[in-house]
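Trainee: Please take one part of this model and go through it closely. I would like the salt bridges, with the reasoning spelled out.

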Amino acid sequence: DSSSVIVRLIAKLMLMLEEVVPQHWSRCSQFFLIFQEFADLGDVEKKYLLSIHVISHFIDVHTEICKRSQSKSSEKTERPNLTHMVTVISRLLCSCVTDYNVEHPTSLDNQEQQQLFVLPIKDRSIFDESFLQKLMSEGIYTDDLVNMIRHWCWEDSALSEKVLGIIESGINDAEHDGLKAFYDILKQVLMMSDSCQEFRIRLIMKRLVAIIDNFRKYPKYTRESIENFIGLAQDNRSVEDWLNRERSSWNWFHDFMKGIGFSITKHPQLGIRLVPIGSTLGGPSGSLIWKNSSSHQGSTKESTFRPLHRNRISDERSLLD
C-alpha cells in the first residue's frame, strides 16, 4: 500500500540517497539499517524494494561515497562501513529467481522462501566488475557477497566465469595484505558442489599460479599468495585433486616455502597443508608431497591468461628483507 507510513518513509529516504547520504558517508550506517529492517519484514517488502530499483540506486550511491571518502582520506579506519547496504543487496538478490531456476523450475522446490521474484534488468549491474571488486577488497562483506554469488552462480557457467574473472583481477591488483579478502570469497565459491564446480576449479587455479609466478620477485606477495592458494584445498577434495594432478605447474612453491621454513605436506586426514619444517604434521602421520622438488617444473605460460605487469609499491622494501 503506497499510502502506508513505512512506504512513504522509504520513498523519502530514497530521495535522500543521492544528495544527502554521500555528503555524510561516515555516518550512513544507520540509514541503510532502516532498509535492511524493512526488507526483513517479508516478501512483500522485498518485492517493493525491487520494484523501486533499490539495488541500482545503492550501487550509484556506493560509487559516489567511495569518491568522496577517498578524496578526504585514504586511511582504512576512515572508510565507510556499508555493511547494512550490502546486506540489503544480498538479501534482495537471494530472493530473486536465477536463470538456472527459470530453465529448471523444479529447483525452486528446494528454496526456503515461498516466493522468488524476477530481478529487474536494470539491477543486474550488481555483477559489474568495479562494484563487486571494490566490495570484495574491503574484506568485511564476505558473508553477504558469498551468499549472493553462490545463489546466482549455481549451475551458471557464464556468470561463474565472470565472477571468477573479477576475483582474479582483484588478486592480480591487490597488495600482499589485501589478498586474503579475495581468497576467502574464492574458497567458498569453489566449494559449490554443482555441475560447474570442476569448470570453476580448472578455470581459476592455473590462472592463480600464473599470477603468483609473475610476481614471485616480491617475497611478501608470493608468501601470502601461496598460503592462500594452498588454503583453497582445505575441506575441498576437488581442489586437492587438482593440486595433485597439476602439481608440476606449481612445483616451485615448495622450494620457495622451504626457504622460509615451511613445508607443503599431504596429511591422510587433513589433506594438503602448509606446516613449519619439523612439525609433527609432516612426520609419520603425514608425508611431504616432494622431498626433492625441481625448480619450476611445468609452465603456466601455455595458458591464454597473461597477468598485468606492474610495480607493487608496498612490497618494494621486502626485496631487501
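Mentor: What follows is a look at the salt bridges, pair by pair. Keep in mind that the model is predicted. The count comes to nine salt bridges. Three of them are described here, with the setting of each partner.

Start with D184 and K180. Their side chains meet in a salt bridge, at 2.8 Å from N to O. Both belong to helix α11, which covers residues 179-190. They are four residues apart there, so about one helical turn separates them. D184 has 28% relative accessibility, so it counts as partly exposed. K180 counts as partly exposed too, because its value is 47%.

Next, K206 and E246. This salt bridge has an N to O distance of 3.7 Å. K206 lies in helix α12 (residues 197-214), while E246 sits in the loop between α14 (237-245) and α15 (252-258). The pair therefore ties together parts that are 40 residues apart in sequence. K206 is partly exposed, at 21% relative accessibility. E246 has a relative accessible area of 23% and is also partly exposed. The cut-off matters for this pair: buried means under 20%.

Last, D213 and R216. Their side chains form a salt bridge at 3.1 Å, N to O. D213 counts as buried, because its relative accessibility is 11%. R216 is partly exposed, with a relative accessible area of 33%.

Key
Residues are numbered from 1 along each chain as its sequence is written. This is a predicted model: local features need pLDDT of at least 70, side-chain atom pairs count only at pLDDT 80 or more; totals for chains, interfaces and linings use all residues. Side-chain values use heavy atoms; hydrogens and water are left out. A salt bridge is a side-chain nitrogen of Lys or Arg within 4 Å of a carboxyl oxygen of Asp or Glu. Helices (H or I, at least four residues) and strands (E, at least two) are DSSP runs, numbered from the N terminus. Buried means under 20% relative accessible area, exposed over 50%, partly exposed in between (1.4 Å probe, protein chains only).
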